[in-house]
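Reader: Could you walk me through the packing of this model and the surroundings of its ligand?

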Amino acid sequence: MPETHVEPKDRSAARSLLRLWPYVKPVRIRLFGAAAVAIVASCLGLVIPLVLKWIVDGPVANRDPGGVWLGALYLLVLGIAEALLFGLRRWLVARPLAGVEASMRADLYRHLQRLPVAFHDRWPSGQLLSRGTTDLMLLRMFLAFPLTFLLVNATTILAGFIILLVQQWTLGLVLLVPVVPLVILCSVFETKFAVVARKAQDQVGDLTTVVEESVLGIRIIKGFGRHRSQALAFRGLSQRLRGTELDKARLLAGIWAFITTIPELAIGAALVLGTIQVADGDLSAGTLVAFLSTALALRWPVESIGFLLAMSQESATATERFFEVMDTAEERETAGESPSQSSPPNSQQHADGGMVFEGVEFRYPDAESGSAPVLARIDLRIRPGETMALVGATGSGKTTLTALVPRLHDATAGRITLDGTDITAMRREQLRELVSVAFEEPTLFSASVGENVLMGADGAGEDELRRALSIAQADFVYDLPEGIHTQVGEQGLSLSGGQRQRLALARAVVGQPRFLVLDDPLSALDVHTETLVEAALRRVLESTTAIVVAHRPSTVMLADRVALLSEGRISAVGTHQELLRSNAEYAWLMSGAGDTPEFLSTDGMPAMVVPAEKDSTR
Ligand SMILES: Nc1ncnc2c1ncn2[C@@H]1O[C@H](COP(=O)(O)OP(=O)(O)OP(=O)(O)O)[C@@H](O)[C@H]1O
């Protein structure tokens with residue numbers, strides 16, 4: 001089960017939240033306008049006690065019913081104005097903040113597309129999903145509510161205390177006493193809450209990963225009857241999240257209790273002192289009523305500070321989680337030339353054309369230091385128009401080698417050239433126009449069959465689509481309910497493995513690429529379909545330079561020559577027949593499991609390994 005929890009660094013919530021400024025800047029006028037409207041609305045609430053004082057000391061003391069009615073009318077107008085202004089505030093922020101959320105989400109998605117494959121290998125998908133959904137929703141809510149109300153409430157509290165001190169400064173000082181302990185308590189609360197907020201948000205990410213894996217792997221779970229153990233594991237994770245949420249609730253309840261009780265005690269003390277002053281004739285009854293009403297009107301702005309701080313902490317955590325992804329460096333662009341200078345290779349210009357690997361070495365970024373590289377000293381030349389099969393035992397590095405050509409990973413040493421141009425000197429878009437890929441595990445997207453295939457080439461039309469479908473022997477699509485417009489489900493689950501592979505193959509050939517990289521693309525086809533696809537593919541391969549990972553002799557037959565990969569090194573290059581005759585390991589790999597060719601040693605291991613052809617790069 002994935003579990004990702006990052007302890008919050010020694011950080012300031014305000015500094016984290018300030019990073020949102022570039023997104024907020026375009027809507028700042030509306031946001032500040034809404035805050036100003038809310039401040040006016042909130043301060044209108046503070047005028048109500050002053051009207052009460054006027055009613056008590058004036059019309060009530062003078063037994064003037066007309067004055068009381070007038071006072072009531074003032075109160076009604078103030079109440080309606082307050083409500084309308086709060087409504088206006090909400091209207092002002094709703095649309096721009098939805099826009100802020102959408103643009104952050106779009107940036108995150110675009111960035112994810114540009115991050116190297118190594119990043120996606122490392123990060124659980126649920127962590128990325130939760131950052132793009134729950135975290136961004138939290139941030140929209142923060143900008144709409146806590147951010148404004150922290151400002152509004154702080155201003156209201158300040159204005160309220162000025163009114164209290166002006167009315168009766170001794171009683172006002174009594175209410176100011178709790179400020180010091182409350183500030184200390186709030187800062188302790190913030191530190192503790194930051195830790196659990198981060199934990200909870202990371203746990204939501206872990207939970208999302210499990211849900212996603214379970215949905216995608218539902219066939220395996222059902223097939224192996226693992227639903228109970230999966231459910232149990234899921235329950236374990238959700239219990240852990242529940243525990244963290246309860247920790248959050250406990251902290252919030254604690255701060256809430258203090259924030260409510262301490263000011264109440266101060267108001268109680270002010271009430272007793274005020275009553276004594278009224279009895280002594282030092283204070284008018286109206287002033288005491290107004291003083292207490294103002295103090296009570298400040299209760300909500302003070303009490304709300306607890307959960308506003310909590311929401312701000314969660315939002316600071318969400319901001320950090322968002323920028324953890326956004327701060328990760330995108331794929332490196334061209335090393336030497338600037339993108340505008342680089343031009344696609346021209347096979348006519350280069351005698352040294354084709355696909356050439358020169359001293360290529362590769363080590364995965366997360367490999368242990370000191371461990372052997374996955375690929376080492378790879379020198380291989382695939383001539384223009386030639387098809388090279390790549391054969392090797394499981395784990396020998398075939399997929400890794402093919403992934404270097406479209407730069408899904410960058411070689412850690414050496415270089416790869418296409419028709420004489422170093423692939424690192426090309427823009428990635430150019431490179432990926434030149435090179436098409438089809439992997440053993442074909443991924444289809446939630447789109448129509450046609451759209452899935454046409455993803456392989458910009459600007460290709462229906463003619464190219466039909467040609468590609470024909471090459472890949474994917475004519476079955478015309479029998480689907482809506483032909484090429486049939487939507488295939490997430491990952492094409494509604495299609496068989498062989499059908500998906502044929503569509504992935506069609507996608508690889510639709511753009512008639514100059515270079516093709518096929519990672520065992522026919523493994524899920526029945527022998528008859530495989531024969532048909534091979535016949536059509538042979539025509540395509542004639543006009544491209546291709547590298548094809550092959551596990552079976554039938555796939556090897558598509559190739560002009562074969563390169564044997566042994567433990568990350570090219571150990572032999574030759575035609576299928578040559579290698580069958582001269583290389584025991586190759587013969588063993590091609591013979592199928594259980595077969596023990598006569599030239600293998602008695603322990604079943606290859607008796608000899610032919611070294612790589614000296615001139616394999618020529
Ligand atoms: N993302 C990764 N991070 C670290 N190591 C990896 C990663 N992907 C593959 N490896 C390791 O690299 C080695 C070569 O893997 P690769 O998938 O290239 O082998 P392969 O020859 O294609 O195997 P197969 O025939 O089974 O598909 C293996 O030891 C594998 O464990």
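Author: Contact here means C-beta atoms, placed from the backbone, within 7 Å. The model is predicted, so local features need pLDDT of at least 70 and side-chain atom pairs 80 or more, while totals for chains, interfaces and linings use all residues. Residues are numbered from 1 along each chain as its sequence is written.

Reader: Which residues around the ligand come from helix α15, or rather, how many does that helix give to the shell?

Author: The shell includes Asp121, Tyr364, Lys398, Thr399 and Thr400, each with its C-beta atom, placed from the backbone, within 6 Å of the ligand. By class, the shell has two nonpolar, seven polar and three charged residues. Helix α15 (residues 398–404) gives the largest share, and its count is three residues.

Reader: How are α7 and α8 oriented to each other?

Author: The axes of helix α7 (residues 146–167) and helix α8 (residues 169–176) come within 5 Å and cross at roughly 140°. Axes are lines fitted to C-alpha atoms over the stretch in contact, with angles from 0 to 180 degrees between N-to-C directions. Angles under 35 degrees count as roughly parallel, over 145 as roughly antiparallel, 65 to 115 as roughly perpendicular and the rest as oblique. The two helices, α7 and α8, are therefore oblique.

Reader: Which residues of α8 make the contact with α7?

Author: On the α7 side, the contact uses Phe161, Leu164 and Leu165. From α8 come Trp169, Gly172, Leu175 and Leu176.

Methods:
Helices (H or I, at least four residues) and strands (E, at least two) are DSSP runs, numbered from the N terminus. Ala, Val, Leu, Ile, Met, Phe, Trp, Tyr, Cys and Pro count as nonpolar, Asp, Glu, Lys and Arg as charged, and the others, Gly among them, as polar. Two residues are in contact if their C-beta atoms, placed from the backbone, lie within 7 Å.
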